[in-house]
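I opened the model to look up a few things. My notes follow.

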Amino acid sequence: MSQVKYTSSHEWIRLEEDGSVTVGITDHAQELLGDMVYVDLPEVDDEVEAEGDCAVVESVKAASDVYSPLDGTITEINEALEDAPELTNSSPMADGWLFKMTLANAADFDELLDEAAYKAVVEAEDH
Amino acid sequence: MGKRTPLYEQHLTSNAKIVDFGGWDMPLHYGSQLNEHHQVRQDAGVFDVSHMTVVDLTGDKAQDFLRYLVANDVAKLETSGKALYTCMLNENGGVIDDLIIYFQTTSQYRLVVNAATRDKDIPWITKQAEAFGVAVTERPELAMLAIQGPNALEKALPLLDAELAAQVKDLKPFNAAWKGDWFIGRTGYTGEDGIEVILPPESAPELWEGLLANGVEPIGLGARDTLRLEAGMCLYGTDMNDETTPLVTALGWTVAMQDERDFIGRKALEAQKAAGVPQVFKGLVLEGKGVLRGHQVVKVDGLPDGEITSGTFSPTLKNSIALARLPAGVGDTVQVEIRKKLIPAKVIKPMFVRNGKSLID
């Protein structure tokens, strides 16, 4: 069973068997943004820092930065989004993933929010 | 809680995402802004625009007053029901608001002004009206629905009073007919055929529900913005404001300066023309990847920078488009700064889509 964590800036992070992670935006984020029309992804081999902006998702409404959840290196990007940015709406946690990365410090993963903590963040925003 | 239109409950029933819009609780979308956009281009949609402000002007000198108040000339309106789009200017030639004026008689006109500018428009109009003895009556209680799209009339007419429907059916664009407190103009803000219906608040839910039953879908403010932008229609507060003249906003065509008529702002416009209008208002089509947005900087070879006033992804063209204020003398291509990168864009007339068809090569 894969392990999924979250950030307060609405990214999800799934730990893969090889120790790398897959990153996307949460269902809550895609719902707030509305119909997605463009996704600007980082480049493979880019070194990224935790909380640094590394991608942009744009809906008809607005552009929104996506932040790297942790320090690490981009290993793969979801090229399907170039022609089908709407996958981030229809399947935010599966086909609509944004990028994969290796972590500079594997232990950092445990510091991210678990599902209950992320739900609390979303509920706090709604009020 | 903001102000609510007579259709607030209907919006909730249709699962609207409600947002604050100039103090009003208004629907942003009902699920998908993109689907709503296509619905209007391909079939028919209804917008609740009851937040807009209806103002009736009455008095023997109403025509003289409007010829002084606004930059376009209401003397052009010769048949009852004819409408005029115009800007209302300050002494510096800046745009206080853009509005539609309906001619009923030379002593009776109806104005429709923007909701967000209501609080400055009403005192301004009232102050200027004093010298002409014209009564200014706001009609905040009235509801307003815009029904737009190629099938809008076909789906809306059966729901109207038969006598009024017969008149509306034959209305030419930019003309209105009325009966009692029902007032219908063949106007809109989408680049599609359609009507705008001003009606008593108690009648609005029934018309709304009848339209939905006839297959007209509810459309939110989100799609209203992408539709008007594709049609190349300016949005007050975004594309023009108190600081910009109509001459730098592609609204020069709405300014009537042929004769000697004295109107507020005329001297400033004449001075700007004499000095040379420094900027032009154009459409941009992005040629690289990304989305054009308001306030992005436009780089033009050998000339001062320009600025995007409103930009979006065009659902019809599947490409990003924008309206932009650019330096006079700009050529056919420019570069737009998007997140520190320069992306090329083509410069065209500010109009992208009309009646469902692309106007771009």
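**Chain A, overall**

I looked up burial in chain A: 42% of its 127 residues count as buried (20 or more other C-beta atoms within 10 Å of a residue's own, with C-beta atoms placed from the backbone; exposed is 12 or fewer, partly exposed is in between). This is a predicted model, where local features need pLDDT of at least 70, side-chain atom pairs count only at pLDDT 80 or more, and totals for chains, interfaces and linings use all residues. Residues are numbered from 1 along each chain as its sequence is written, while chains are lettered from A and ligands numbered from 1 in the order in which they are written.

I found 4 helices and 9 strands in chain A (DSSP runs numbered from the N terminus: helices are H or I, at least four residues; strands are E, at least two). Along the sequence they read β-β-β-α-β-β-β-β-β-α-α-β-α. The C-alpha atoms fill a box of roughly 35 × 35 × 25 Å along the principal axes.

**A:Leu87**

I found A:Leu87 in helix α3 (residues 87-90) of chain A. A:Leu87 is buried, because 20 other C-beta atoms lie within 10 Å. From A:Leu87 to A:Asp126 I get 25 Å, C-alpha to C-alpha, across 39 residues of sequence.

**Strand β3 of chain B**

I checked β3(B), residues 45-48. B:Gly45 and B:Phe47 point one way, B:Val46 and B:Asp48 the other, and all are buried. β3(B) runs antiparallel to β9(B), residues 143-148, with 4 bridges (strands pair if DSSP finds at least two bridges between them). There, B:Gly45 stands opposite B:Gln148.
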